[in-house]
Amino acid sequence: MNATMKDLLVKMRAKHKEADAAHVAGDKDKTAALLVEFNTLKEEYDVAEQLFQAEKALVPDFKEAEAKAKAGFEGQTENGYTLIGKILRGKQLSDKEAALIVDGTDGENYLIPEDVRLDIIELRKQYKSAKDLVTVIPTASMTGGFNFEAGGITGLQEFDDGDDIPVSDQPKFERKPFRIALKGKLIPVSNVLQQVEKAGLLAYINAWFVKNAMFSENKDIFDTLKDGLTAKSIKGLDQLRKAMNKDLDPSAKVGAKIVTNQTGFDLMDEEKDENGRGLLQPDPVNPTVLKFKGYPIEVFSDSELPNITSTTKAPLFFGAIDAADYFIDLMGLQFASSEHFLFGKNQTALRVIEGYDNLQADIGAIFYAGFEAKPVTTP
């Protein structure tokens with residue numbers, strides 16, 4: 001999110017507040033006029049967002065200097081880290097500095113500056129994120145919804161030229177609402193650091209926020225994927241192969257992946273052929289990635305994706321994971337600080353908040369299984 005988008009977002013919130021007050025007061029004409037102004041701002045915001053995303057796509061390797069320019073720091077000695085440092089030390093921000101990061105009108109909640117946000121994105125790449133497997137949809141709204149087609153494919157209906165096209169009760173759609181949940185972490189920052197320089201602040205954010213955020217996101221994604229599903233019992237790779245062949249529509253296998261935990265991967269990796277060779281194949285492009293039947297295996301920790309009922313039955317998803325889960329991501333990380341919360345420890349509390357929701361989308365694009373070791377055969 002750049003400075004233009006932040007400014008428009010503040011104006012949209014103010015306009016929405018005015019419209020809501022007019023609606024409560026029963027002034028329909030004023031409410032309608034304010035909503036027109038709100039929608040005009042929303043259109044400007046959408047255009048600004050598209051331009052921002054297009055610019056990032058043209059320069060995929062965003063560097064700090066470029067980020068500073070986009071965030072409004074061009075020509076200044078300050079950057080996002082020095083602004084956060086000033087806030088932590090209780091120093092007054094200039095009007096220009098405040099305009100870059102103030103979230104809302106109270107002056108106490110802030111948006112993580114763009115150059116810092118991009119560094120956090122790079123930092124997150126050190127960890128394994130389930131967000132890379134699903135469809136991520138950025139949003140500026142706290143609530144909303146999506147329509148999904150319900151039922152199977154029925155095909156087209158035949159009619160003669162000149163006749164009315166037959167009316168069908170298909171497709172049927174199901175609307176699934178989302179509601180953004182805010183999740184955060186308190187980060188204790190030592191007051192001994194008179195200047196919160198980049199490396200120091202990023203180390204705090206990594207130790208206290210990024211790792212915890214990744215854990216929560218991954219766990220929530222897996223909980224959403226399996227919500228309402230009964231795990232199919234699969235023992236060994238032979239049974240898994242049959243399930244992959246028969247239990248999923250071929251269209252769901254385009255870009256499909258196998259997702260399991262450490263226990264499941266270990267069980268798969270232990271299986272050998274009659275010559276003692278492993279049945280999993282290394283990816284010729286990336287030998288560190290193993291595949292089964294040509295499908296890559298994504299492995300997550302047992303703590304993020306726990307075993308099913310016992311230590312010997314591992315969870316396993318197969319199919320188009322990106323079609324089965326929509327991760328609704330609230331744009332912009334928020335932060336606030338307090339020098340009083342940890343006063344007795346000579347520390348300043350930095351609170352970092354993100355917001356998201358998960359929607360179970362096309363659940364027919366995957367199957368969910370409890371994977372166990374291959375049954376022992378007796379001669």
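Biologist: Among contacts in the protein chain between residues at least 6 apart in sequence, what share joins residues at least 24 apart?

Modeller: That share is 77%. Keep in mind that this is a predicted model.

Biologist: Thanks! How many helices and strands are there in the chain?

Modeller: The protein chain has 10 helices and 15 strands.

Biologist: And what percentage of the residues is buried?

Modeller: Buried residues account for 41% of the 379 in the chain. As for the accessible surface, the total is about 21100 Å², and carbon and sulfur atoms contribute 52% of that.

Biologist: Let's look at helix H8. Which of its residues are buried?

Modeller: H8 covers residues 236–246, and its buried residues are Gly236, Leu237, Leu240, Ala243 and Met244.

Biologist: Where do they sit when you look down the axis of H8?

Modeller: They fall within an arc of 125°, so the buried residues line one face of H8.

Biologist: Switching topic, how many cavities of 30 Å³ or more does the structure hold?

Modeller: Two. The largest cavity contains about 70 Å³ of space.

Biologist: Nice, and which residues are closest to the centre of that largest one?

Modeller: Of the 10 lining residues, Leu9, Arg13, Leu330, Met331 and Gln334 are the closest to its centre.

Biologist: What does the lining look like by class?

Modeller: The lining of the largest cavity has six nonpolar residues, three polar ones and one charged.

Technical notes:
Residues are numbered from 1 along each chain as its sequence is written. This is a predicted model: local features need pLDDT of at least 70, side-chain atom pairs count only at pLDDT 80 or more; totals for chains, interfaces and linings use all residues. Side-chain values use heavy atoms; hydrogens and water are left out. Helices (H or I, at least four residues) and strands (E, at least two) are DSSP runs, numbered from the N terminus. Buried means under 20% relative accessible area, exposed over 50%, partly exposed in between (1.4 Å probe, protein chains only). Contact means heavy atoms within 4.5 Å. Accessible areas come from the Shrake-Rupley method with a 1.4 Å probe; for residues, only the protein chains shown count as cover. The arc is that of the directions from the helix axis to the C-beta atoms. On a 1 Å grid over the protein atoms alone, a cavity is a set of points where a 1.4 Å probe fits but cannot get out, and a pocket is an open set with protein on both sides within 12 Å along at least five of seven lines; lining residues have an atom within 4 Å of a point. Grid points are joined across faces, edges and corners, and a volume is the space filled by probe spheres set on the points. Ala, Val, Leu, Ile, Met, Phe, Trp, Tyr, Cys and Pro count as nonpolar, Asp, Glu, Lys and Arg as charged, and the others, Gly among them, as polar.
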